[in-house]
Amino acid sequence: MKLELIRPTNFGSEKEIQTLIERNLEAVFNCRLVATEFSTGAQHAGRIDSLALSEDDNPVIIEYKKVESSELINQSLYYLSWLDDHRGDFQVAVNRAMGKPTDVDWSAIRVICIAPGYKKFDLHAVQMMGANIELWQYRSYHNGAFSLEEVFRRSTSLVATPMPSPEGGQPLLTPGKKAALTRATGVYSYEEHLEDVADSIVELANELREFILNLDESVEEAPKKKYVAYKVTQNFVCMEIQKSKLYLFLKLDPDELSPLPANARDVRQIGHYGTGDLELTIRTKEDVELARPLIKAAFERTGG
C-alpha cells in the first residue's frame, strides 16, 4: 500500500460552502431547509445564510465563513436575537417551505457556525455566552473530499439531573448511574411525562432512560411536549410515555430487521410523535430486554 498526501484546499466563496451544506442538510444535520439568504428586513439590514427546521421542529440558524472570523459568531448571535423577536416571520416561512401549517417548537433555537477554524479567543468566548451555539470546522481537499467536525457545542438548557428512583422515592445519584444531561428548557421536563402513569410503567421508563443515557457520555435527553428524545448530534430514540405502556421510536430501517420483533411495527407510513421509523411497544421487563440491542443499534447507526 502506498500512501499519498492529499493537499487541503478551500472554497472560492462562502456561497459554495452554503450550497453544499444546504443540498445535504438532512444527511449532515438532519434538518429541513426553510429558506436561504433570508432577509431580516430594511431596518435590520441583514440576511441569514440558511434557515432550517430540526427533526424536533426547532428553528435552526446556519452561518458560514471561508476564513477564521470572530464576526461569524457575533453575527450568528445577532440573528438569534432577531429570530426570537420575529417568530411570526419564521412561522410564515416554515409553512411555505413545508407546504402545510407546521407547529414550530420554540423551546430551543439551534445556532450552527461553520468555518475552517476558530481562534482560541472565540472558543473561550462561546463558553461564557448564554446562548445555544455549535461551532463546526470543515476541511476541503483537492481530491474532492470534505469533512465536517463539531468542535464546540454550548446549550444553556443542558443541566445535570439525578436519575429518578424506580421506587418513587427521592432521586439519587448512585455509583454506576449517570446524571441525565437534560435540555431542561423550562417548557417541558422528563418528570412531567411520568404524571398519572402507572408505577410499573414509570419503573420501565426509568430503566430504559438509565440504559440510554449510559450508552455514552455524549447522549442528551431532550423532553418535548409529546415525547422525550435522546440524541447525540441527532435523535436516535424517542420515548412516548402513556398510562399503561411505552412507545419507543428508533432510527432503524424496518426492512433490515427480518422478521420484526413481535412488539415492533413499521411506522414509516403511519403518523406518530417522535422521530424514527421503527416503533416498539413496551409493557413488560421482557420488552425492555428485547429493546436494548435495538436501541444500541440505533445509537450506533446515527453516529454514536
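How many salt bridges does a search of the whole structure find? In this predicted model, the search returns 20 salt bridges.

| Salt bridge | N to O distance |
|---|---|
| Arg87 and Asp84 | 2.8 Å |
| Arg110 and Glu134 | 2.7 Å |
| Arg209 and Glu221 | 2.5 Å |

The side chains of Arg110 and Glu134 meet in a salt bridge. Because Arg110 belongs to strand β5 (residues 110-115) and Glu134 to strand β6 (residues 133-141), this pair ties together parts that are 24 residues apart in sequence. Arg110 and Glu134 are both buried.

A salt bridge also joins the side chains of Arg209 and Glu221. This pair links distant parts of the chain, with Arg209 in helix α7 and Glu221 in strand β10 (residues 220-223), 12 residues apart. Arg209 has 0% relative accessibility and therefore counts as buried; Glu221 is likewise buried, with a relative accessible area of 0%. Salt bridges with shared partners also connect Glu203, Glu207, Lys285, Glu289 and Arg292 into one network.

In the pair of Arg87 and Asp84, Arg87 is partly exposed at 36% relative accessibility, and Asp84 is partly exposed at 34%.

On the surface, a patch of negative charge gathers Glu191, Glu192, Glu195 and Asp196. Glu191 is placed in the loop between β9 (180-183) and α7 (199-213). With a relative accessibility of 41%, Glu191 counts as partly exposed.

A search of the whole structure for disulfides finds 0. Among the cysteines, Cys31 is buried with a relative accessible area of 4%, and Cys113 is buried with a relative accessible area of 0%.

Conventions:
Residues numbered from 1 in each chain as written. Predicted model: local features only at pLDDT ≥ 70, side-chain atom pairs only at ≥ 80, totals over all residues. Heavy atoms only, no water. Patch = residues over 30% accessible without salt bridge, like charges linked within 9 Å, V, L, I, M, F, W, Y side chains within 5 Å. Areas by Shrake-Rupley, 256 points an atom, 1.4 Å probe, with all protein chains shown as cover. Salt bridge = Lys/Arg side-chain N within 4 Å of Asp/Glu carboxyl O. Lys, Arg positive; Asp, Glu negative; His and termini not counted. Charge placed at Lys NZ, Arg CZ, Asp CG, Glu CD. Helix = DSSP H or I, 4+ residues; strand = E, 2+ residues; numbered from the N terminus. Buried < 20%, exposed > 50% of the residue type's maximum accessible area, 1.4 Å probe, protein only. Disulfide = S-S within 2.5 Å.
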